[in-house]
Amino acid sequence: MRLYVLDTGLIESTDYAMWSPTADPGSYGELSVRSYLIVHPQGAMLWDTGIDDGVAGAPTGRRIAPTIVFRVPRTLRGQLDEIGIAPGDIDYLGLSHLHVDHVGNVDLVPRATVLLQRAEFDAGFGPDPQRFTLDPAAYAALDPAWINTVDGEHDVFGDGLVTTLSLPGHTPGHQGLLVMLPQTGPVLLAGDVAYSARDYAQAAVRAGNVDIEASRLSIERTQTIERELGATVWLHHDLDAQRAIQTAPYAYR
């Protein structure tokens, strides 16, 4: 078992309050973007695909909104090459949810089995995805025929070492991934359950989430897992916390 942390982008925001309810309006903030590769004896799984590698070719990044700029200092494809994993070697693609900064390179692994919570699939491929803050253009490369919808916990390899967890609220089917590493111990990839360690500790939920109460309950569930299993919780967008986490080609074991 190996877990690689992939640096798949940076978000620059001149109004960090849109991400964090504890931030001052108009304050500047930077958010990390991460993807993860789990190498298991029975196969390889990529968790999220970050910001589109094509942004790496833009010297000043890509402005996607008046207050938001995307940057890609290191491409996902380049980091997989460093590890020695070809896209065709990846058996599963797990997606925490369908926001643009998590699905930017789904076309890189077009034949991997996609694991998505059923609630996220229904929202993203239903009649009104924009209602749930989802943009179908962002994940247009996903072939629904390759998507395996799951409900709640799903044991990916059947041995309890890699398990999806339903953590809704940020989007209808937002999910986390619990990885049981033999040396490091349990690691919970908590995605966007909170944008910073401070918000996570305070169970502070941003107004832009689709379900505020479900978001609070998901934070509580994450904290319970952290407490009862002794799990290390990694928040996807907390740049300060992510600086302490080693990225590929280093492997957590």
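Analyst: The second largest pocket has a volume of about 230 Å³. This is a predicted model, in which local features need pLDDT of at least 70 and side-chain atom pairs count only at pLDDT 80 or more, while totals for chains, interfaces and linings use all residues. Residues are numbered from 1 along each chain as its sequence is written, and side-chain values use heavy atoms, with hydrogens and water left out.

The search for space uses a 1 Å grid over the protein atoms alone: a cavity is a set of points where a 1.4 Å probe fits but cannot get out, a pocket is an open set with protein on both sides within 12 Å along at least five of seven lines, and lining residues have an atom within 4 Å of a point. Grid points are joined across faces, edges and corners, and a volume is the space filled by probe spheres set on the points.

The lining of the second largest pocket includes Ile51, Asp52, Val55, Arg62, Ile64, Phe70 and Val100. Val103, Gly104, Val106, Asp107 and Ala138 line it as well. By class, there are eight nonpolar, one polar and three charged residues in this lining. Here Ala, Val, Leu, Ile, Met, Phe, Trp, Tyr, Cys and Pro count as nonpolar, Asp, Glu, Lys and Arg as charged, and the others, Gly among them, as polar.

Glycine 61 touches two of these lining residues, Val55 and Phe70. Glycine 61 sits in the loop between β3 (43-47) and β4. Helices (H or I, at least four residues) and strands (E, at least two) are DSSP runs, numbered from the N terminus. With a relative accessible area of 15%, glycine 61 is buried (buried is under 20% relative accessible area, exposed over 50%, partly exposed in between, with a 1.4 Å probe and protein chains only).

The largest pocket has a volume of about 330 Å³. Of the 20 residues that line it, Trp19, His99, Val100, Asp101 and Thr133 lie nearest its centre. The elements that give two or more residues to this lining are β4 (62-65) and β5 (68-71). The lining consists of eleven nonpolar, five polar and four charged residues. Val100 lines both pockets.

Most residues other than glycine have a negative phi, and most peptide bonds are trans. Threonine 133, not a glycine, has a positive phi of about 65 degrees. Its place is in the loop between α2 (118-124) and β8 (147-150), and at a relative accessible area of 37% it is partly exposed.

Three cavities of 30 Å³ or more are found in the structure. About 50 Å³ of space lies in the largest cavity, whose lining includes Trp19, Pro21, Asp192, Tyr195, Arg206 and Ile219. This lining has eight nonpolar, one polar and two charged residues.

How many aromatic pairs does a search of the whole structure find? There are seven (rings of Phe, Tyr and Trp, by its six-membered ring, pair if their centres lie within 6.5 Å; planes under 30 degrees apart count as stacked, over 60 as edge-to-face and the rest as tilted). The rings of tryptophan 19 and tyrosine 195 have centres 5.5 Å apart and planes at 45 degrees, so this pair is tilted. It links distant parts of the chain, 176 residues apart: tryptophan 19 is in the loop between β1 (2-13) and β2 (29-40), and tyrosine 195 in the loop between β12 (185-189) and α3 (197-202). Tryptophan 19 is buried at 11% relative accessible area, as is tyrosine 195 at 5%.

The second largest cavity has a volume of about 40 Å³. Tyr36, Trp47, Asp48, Ser96, Leu189, Ala190, Gly191, Trp234 and His236 line it, which gives five nonpolar, three polar and one charged residue. Two of these residues, Tyr36 and Trp234, belong to an aromatic cluster with Tyr250 and Tyr252.

Notes
Contact means heavy atoms within 4.5 Å. Lists of a residue's contacts leave out its neighbours within four places in sequence.
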